[in-house]
Amino acid sequence: MPAYATPQSAGMDLRANLENPVVLQPMERRLIPTGLYIALPEGAEAQVRPRSGLALKHGITVLNSPGTIDADYRGEVGVLLINLSQEPFTVNDGERIAQMIIARHEQADFELVEELDQTERGAGGYGHTGVK
């Protein structure tokens, strides 16, 4: 079962559910099963994120981060891991491989308009405010 490591943890740890260890070669990606199936309430999503310790110590991260699990998904939760290091990494059964956060979300209704209202920022994008 997923579990929170501490009373104030936002994310719960997800563990690998493997019959045999999986060796991730450098730059290799694999979908790692967790054995977990969830039913979320409408208006909620689960976000799958990397574990900072695996990323720092071993270069292992979640490739589609954050991965989204929709409330109507009923399949097994899998974690798409990638090895960004230059060394092979072995994923063992029961190993903590990612964290999952449950969050509320909204769905937007879109409306076609001829122009948008003006703001101080306007269309300023990446780095437009400079260095402060």
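Which backbone oxygen lies 2.9 Å from a polar atom of the side chain of S85? The backbone oxygen of E87 does. This is a predicted model, in which local features need pLDDT of at least 70 and side-chain atom pairs count only at pLDDT 80 or more, while totals for chains, interfaces and linings use all residues. Residues are numbered from 1 along each chain as its sequence is written, and side-chain values use heavy atoms, with hydrogens and water left out.

S85 is buried, with a relative accessible area of 18%. Buried means under 20% relative accessible area, exposed means over 50%, and partly exposed is in between, with a 1.4 Å probe and protein chains only. The side chain of S85 also makes a polar contact with the side chain of N83, at 2.6 Å. A polar contact is a pair of N or O atoms within 3.5 Å; within protein, one must be able to donate a hydrogen and the other to accept it, and residues adjacent in sequence count only if both atoms are side-chain atoms. Leaving out residues up to four places away in sequence, S85 touches P26, M27, H58 and G59, where contact means heavy atoms within 4.5 Å.

Three strands form an open sheet in the order 4-8-6, with antiparallel pairing; two strands pair if DSSP finds at least two bridges between them. Strand 4 (29-37) and strand 6 (60-62) stand at the edges with a single partner strand each, so one side of each has no neighbour in the sheet. Neighbouring strands of this sheet are turned by 35° against each other on average, direction ignored. For such angles, axes are lines fitted to C-alpha atoms, for helices over the stretch in contact, and angles run from 0 to 180 degrees between N-to-C directions. Strand 4 and strand 8 (residues 76-83) run antiparallel and are joined by six bridges. Across this pairing, L31 stands opposite L80 in strand 8.

Strand 5 has pairings of its own. Five of the six residues of strand 5 are buried, and the strand is mostly covered. With strand 10, strand 5 pairs in the antiparallel sense over six bridges, and A46 stands opposite I102 in strand 10. With strand 7 (residues 67-70), strand 5 pairs in the antiparallel sense over four bridges. The bridge partner of V48 in strand 7 is G67.

The largest nonpolar core has 26 residues, and among them L81 and V91 touch the most other members. A nonpolar core is a set of buried Ala, Val, Leu, Ile, Met, Phe, Trp, Tyr and Cys residues joined through side-chain atoms within 4.5 Å. The elements that give two or more residues to this core include strand 3 (22-24), strand 5, strand 8 and strand 9 (89-91). Not counting residues up to four places away in sequence, V91 touches A16, L18, P21, V22, L24, I32, L81 and I97.

Charged side chains form another set of links. Side chains of opposite charge can pair when their charged atoms come close. The structure holds three salt bridges, each a side-chain nitrogen of Lys or Arg within 4 Å of a carboxyl oxygen of Asp or Glu. In one of them, D13 meets R51, with the closest N and O atoms 3.7 Å apart. This pair links distant parts of the chain: D13 is in strand 2 (residues 12-15), and R51 is 38 residues away in the loop between strand 5 (44-49) and helix 1 (52-58). D13 is buried at a relative accessible area of 12%, and R51 is buried at 18%.

D13 also forms a salt bridge with R96, at 3.2 Å from N to O. R96 lies in strand 10 (residues 96-104) and D13 in strand 2, so this pair ties together parts that are 83 residues apart in sequence. R96 is partly exposed, with a relative accessible area of 31%. R30 and E28 meet in a salt bridge as well, at 3.4 Å from N to O. R30 is partly exposed at 34%, and E28 is partly exposed at 22%. Salt bridges that share partners join D13, R51 and R96 into one network.
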